[in-house]
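Colleague: Please take me through this model, and state the criterion behind each term.

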Amino acid sequence: MTTLVTPAASGMGPGAGPGTDQGWPPSLRPGMLPGTVPPDVPVPEGRKGWWRRNAVWLVLLPVAMAVAAGASSFRVWAFWWPVGLHHEVERVAVGEQAHLAGEYYDLGLDVPERANTTVLREIDATVTSIQQVDRLPPPSWGDPVTIPDGSVAYEVGMHFAAEPKTDLSGCQIVLVADDGTRYGESTTDVLGSSNRCSTPDAAGFVSARPEWDVTSFVLADPAAKITQVRLGFGGPEYVTFDVP
Amino acid sequence: MKHARNDGPDIAFRLARRVVATVADDMSTMQRVGAGIVAALVAITPFGAWSEVEAHADPLAAGTPVEVGPFEVKVVRVATVDEFAYLVPKPGNHLLGVVAEVTNTGEVPEYRATLGQAIPAPQNVAIVPKAALDELGADTAPDGGADPSADPAASADLGASEEAELPPATILSAKDGTTISVFNPGVTHRVALLWEQGGKWSGRTIPLEVIELEWIEESVVSLDNGYWLPNEVAYHGRIPVDAERPGAGSNQSGPSAEAGQP
Amino acid sequence: MRHGRRRITWKGTALVVGGVVAGCTLVTYVPQDTGVDEPFIVEGAVGEVLDLTYAELTVTEVRVADTLAGVAEAAAAGGTFIVVDASWRATQGETTFVGAEVTDARGRRFWPTDQAGCSILAKAQPGYAWRATYCFDVPRDALDGATVRLARGDQGEEHAGQRRDAVAVVDLGISGREADELWQATETVSPQEPGYALASAGGSEG
């Protein structure tokens, strides 16, 4: 057997085999019989690049990532967002009036006809005064409270205006220091009142009058510089009063 | 084989059938039946076919410690008592108390409920069933809140109540009647497991069972991991009943539990 | 490559199996970054003020008691009670301090009891120090070398609630001989109800 066609001309390797000397077209691969449809011959038109071939998926990838992130972030709106003060709806200075509006789910404990409905709570609030005090007034219930050593007490005066029977439970009057420390976040104040936005003689957790005033006492660190007062009802909406 | 390769997923099935067919072709009918039985026996093995059907319960006796899950439990005595600590049964009923010395032999604390699962309420001794406890709650509600038909049915008809689910024990310290919520490793507590019992019951012994607790490191069916699962009855015995106070055992502080009560 | 059905090739099989083996090998043998899960442990001693970023904590006093005499009830120990008085001063906002656990020298873990008015958790805000008394019922051989671990995160589920968060570990300072004396003593302790702590968190009323 002789090799008549040089490997260079036919594009075949030296192992081309016995068939090559029988005059088959040089384009046939080794092992292929004449008449066989060759398998996909590599696309000659300049081989489309990987980026071109996968263009559709490349466009869809960011979309898929956004959808995946959204699907796995349900905890943010389901658990984190509704609990805590996250949405500042208005920011005014002390002495100015702010309007706090936010929805909550009413269980109907005080107003049975609102039971199990989503209610929009709207309340106008003004911080009338904020000052340090040397002693705490006697609480309406329980033993007198003295300011513990290593603490100072602030008295915050607030004026409210809202439709009667506005739910006031979960009221938080928070003093925020310049370093971000939040004093008085609890819904119970230092005197043991668990309804900080109601007057001490209030019977339930809903407002009785169109306008009323309250004072709330908050313990803070002696070195703290209070820069804000925040009012909220558990969140996420709250209003901020800047302390001059 | 070319055909099988192209059909991918059922290649194993086809291969197995081929092997079975080849082997079975050479067999007599009797051999086939025999081979079929053997194959069936092998197939049911992983499903626990050879485990003992009747879990054999070891004897349980007062004074003999038994190991159950993370606990070593020694039943000291069983007694009936009119009331204990904050537990006051309905008028006419009394409390059945099992006094036991319980030691957590593990390395980590165990909750009271785990012990409660290991020692269920004794059967057929007129323990007031769970439904009656719900009814107790209803009694405190304003009149008319409770279902009037439920009241006589649950408390009077003891025969029917045996079918109802019995409540888990209330577990208190036998020394002082306080609630022990956690059993720390290595600490031996003398506890009283208490159930409300119908006043008419006056037996001499109660049947007491201790349930084996199996540690589930990773649960197959649920997402819960690392807990004690109540399994089969591991110990069973009849314990004699003293008609005395469960707290007043061999120690001096028994009466002190009663002292705090009106 | 042919269109239509694809053939299972040795090369393809080797790629898949090789990939799985390589992945399993990585997961099995490459050390996981344990730092991701580990809490930030702040070690200290009784009387020291420990900075946990979310709070300042002081273990003010450690006592041992056979009996706890509370306001509503008295409780006798199964082993003996380690009574740990601590003072929490929150530094960010209202915080619930849920973690409280004693660990002995052998690594056994002990959780607090709520018998006789003892605390199993504390809740405090910035602006004041809040005192809590934790009581742990432990066996005799747990006293020597025991430490208490306090944090805002829960210690259940292998300290899952404390991952990547500050945790205080305070040596209770009980050595071998002391342990025997403490075990034999028959002390009765009245746990104080939670309340405002004294001025200097480091001081102790005992």
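Modeller: C:Phe136 touches C:Thr80, C:Phe81, C:Ile82, C:Val84, C:Ala100, C:Glu101, C:Val102, C:Phe110, C:Trp111, C:Pro112 and C:Val148, leaving aside residues up to four places away in sequence. The model is predicted, with local features needing pLDDT of at least 70 and side-chain atom pairs pLDDT 80 or more, while totals for chains, interfaces and linings use all residues. Residues are numbered from 1 along each chain, chains are lettered from A in the order written, and side-chain values use heavy atoms, without hydrogens and water.

Colleague: Why is the set of 47 residues called a nonpolar core?

Modeller: The name applies because such a core is a set of buried (under 20% relative accessible area, 1.4 Å probe, protein chains only) Ala, Val, Leu, Ile, Met, Phe, Trp, Tyr and Cys residues joined through side-chain atoms within 4.5 Å. C:Trp88, C:Tyr134, C:Phe136, C:Val148 and C:Leu150 have the most contacts inside this largest core. Another core, of 36 residues, lies apart from it and includes B:Val66 and B:Leu213.

Colleague: What is the area buried between chain C and chain B?

Modeller: It is about 1,600 Å², with carbon and sulfur atoms giving 50%; buried area is the accessible area (1.4 Å probe) lost by two parts on being put together, summed over both. The contact takes 19 residues from chain C and 20 residues from chain B.

Key. Contact = heavy atoms within 4.5 Å. Buried < 20%, exposed > 50% of the residue type's maximum accessible area, 1.4 Å probe, protein only.
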